[in-house]
Amino acid sequence: MAKKRPQTKAARPQLTDGEIPVVGAREPCPCGSGRRYKACHGKAAAEAVTELVQRPFEGLPGECDWVALRELVPAATVPLTLKGGLPEGVPSVTLATVLPMAWPALRRDDGSVLLGLQNDTASGDISRDLADTLQRALEAEPGSPVQARRAPADGPRLQDLLDPEGAFEPVVHTGFEFWVPDAENATPEVTASLERANAAAIPTVRLTGVDAAYWCETPEKNHLRWVMPHPEEQLLDALARLHAAGRSSLGEGTRLVGSFRAHGLTVPVWDLPREMGAQDVEKPAAEFAERLAEALASDAPLTADERRARGGLTNRQVTLS
């Protein structure tokens, strides 16, 4: 029997990590290791894509309002300021809570860009996904939407693209007429779509006297939902101190009922009487902010009553994201 001749493999060129292209997860890794890409150089990229960033909007101007617009507010827009200014042919960039057809972004006929905030994202870092969408929208043809995709794991984040000194001033709308430049002359199809969206929107108003507090109206009662920047444990202690002392309400008929946890921040929620409008809650909210500042400054151990109040608040906490 003839002996098999030993086979030799041709030497593969050695590639540095930065030279290795992205290929299909089940394809051989271009580095020449013989392993599939997902088990070799694609492993780190996959982990980076799926790793959850607890506070994706941290470091951006108006972090609390970013969270509110992402989770709580139906219809709102915010002009965005880019580092280095706007590219040629792009007159403006505007963040919007929702866009028609749930588009991630839209480049209008005039070249302006609308970036949608309340969309599903493919990775654990909303900031990176939104930055990728924004970059593609800036380069899209005028008059075209931007489709969803998985952002590169090493791509920029919003913190890399937006001016850290830029203002973040949300404008809350009663409906979605901002979708089209001339809603009064829109086609019947667009008009019908706007009517459906407007009918589903909960009336919402942003308070002017305190930051990131939003009044909303529901069929049974009104609510105040207030996104706060304080560390969660410290904030819950402070709310418990006020609650145990009977100082956590916003006036007669109001009640602190619990909180949301959203994108690394805590969002206390109050039930309000139906007759209490947004203007009516402005002064009580400002007064509560002063009481909260005092409670946050205390480092005394919680009393038994305060611990019970804290346990009640914690038990009623719901995580949105």
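# Exercises on cysteines, cavities and backbone

C64 is buried, at a relative accessible area of 13%. The exercises below use a predicted model.

## Exercise 1: Cysteines

Solution. 
1. A disulfide is a covalent bond between the sulfur atoms of two cysteines.
2. To place C29, use the cut-off for buried, under 20% relative accessible area. C29 has 5% relative accessibility, so C29 counts as buried.

## Exercise 2: Confidence and overall layout

State what the pLDDT values are for the protein chain as a whole and for residues 1–13, then describe the chain by its elements, burial and contacts.

Solution. 
1. The protein chain has a mean pLDDT of 89, with 88% of its residues at 70 or more.
2. Over residues 1–13, pLDDT remains under 50. The model has one contact beyond four places in sequence for this stretch.
3. Eight helices and twelve strands make up the secondary structure of the protein chain.
4. The protein chain has 321 residues, of which 45% count as buried.
5. Take the contacts in the protein chain with a separation of 6 or more: 61% of them join residues 24 or more positions apart.

## Exercise 3: The largest cavity

Determine how many cavities of 30 Å³ or more are present, and describe the lining of the largest cavity.

Solution. 
1. Rolling a probe the size of a water molecule over the atoms shows where empty space is left.
2. Two cavities of 30 Å³ or more are found in the structure.
3. The largest cavity holds about 70 Å³ of space.
4. Its lining includes L60, P61 and W66, then P79, L80 and T81, and also L162, D163, G166, A167 and F168.
5. By class, the lining of the largest cavity has eight nonpolar residues, two polar and one charged.

## Exercise 4: The second largest pocket

Identify which residues are closest to the centre of the second largest pocket, and which element gives the most to its lining.

Solution. 
1. The second largest pocket has about 210 Å³ of space.
2. It is lined by 16 residues, and those closest to its centre are P104, N119, D120, T121 and A148.
3. Two or more lining residues come from each of β4 (113–116) and α3 (126–139).
4. The element that gives the most to this lining is α3, with four residues.
5. The lining of the second largest pocket divides into seven nonpolar, four polar and five charged residues.

## Exercise 5: Positive phi

For M101 and H263, give the phi value and the place in the chain, and decide for each: buried or exposed?

Solution. 
1. Most residues other than glycine have a negative phi.
2. M101 is not a glycine, yet its phi is positive, near 60°. M101 lies in the loop between β2 (93–96) and β3 (105–107).
3. Exposed requires over 50% relative accessible area. M101 has 70%, so M101 is exposed.
4. H263 is not a glycine either, and its phi is positive, about 50°. H263 lies in the loop between β10 (255–262) and β11 (265–272).
5. The relative accessible area of H263 is 5%, so H263 is buried.

Note on methods:
Residues are numbered from 1 along each chain as its sequence is written. This is a predicted model: local features need pLDDT of at least 70, side-chain atom pairs count only at pLDDT 80 or more; totals for chains, interfaces and linings use all residues. Side-chain values use heavy atoms; hydrogens and water are left out. pLDDT is the predictor's confidence in each residue, from 0 to 100. Contact means heavy atoms within 4.5 Å. On a 1 Å grid over the protein atoms alone, a cavity is a set of points where a 1.4 Å probe fits but cannot get out, and a pocket is an open set with protein on both sides within 12 Å along at least five of seven lines; lining residues have an atom within 4 Å of a point. Grid points are joined across faces, edges and corners, and a volume is the space filled by probe spheres set on the points. Ala, Val, Leu, Ile, Met, Phe, Trp, Tyr, Cys and Pro count as nonpolar, Asp, Glu, Lys and Arg as charged, and the others, Gly among them, as polar. Buried means under 20% relative accessible area, exposed over 50%, partly exposed in between (1.4 Å probe, protein chains only).
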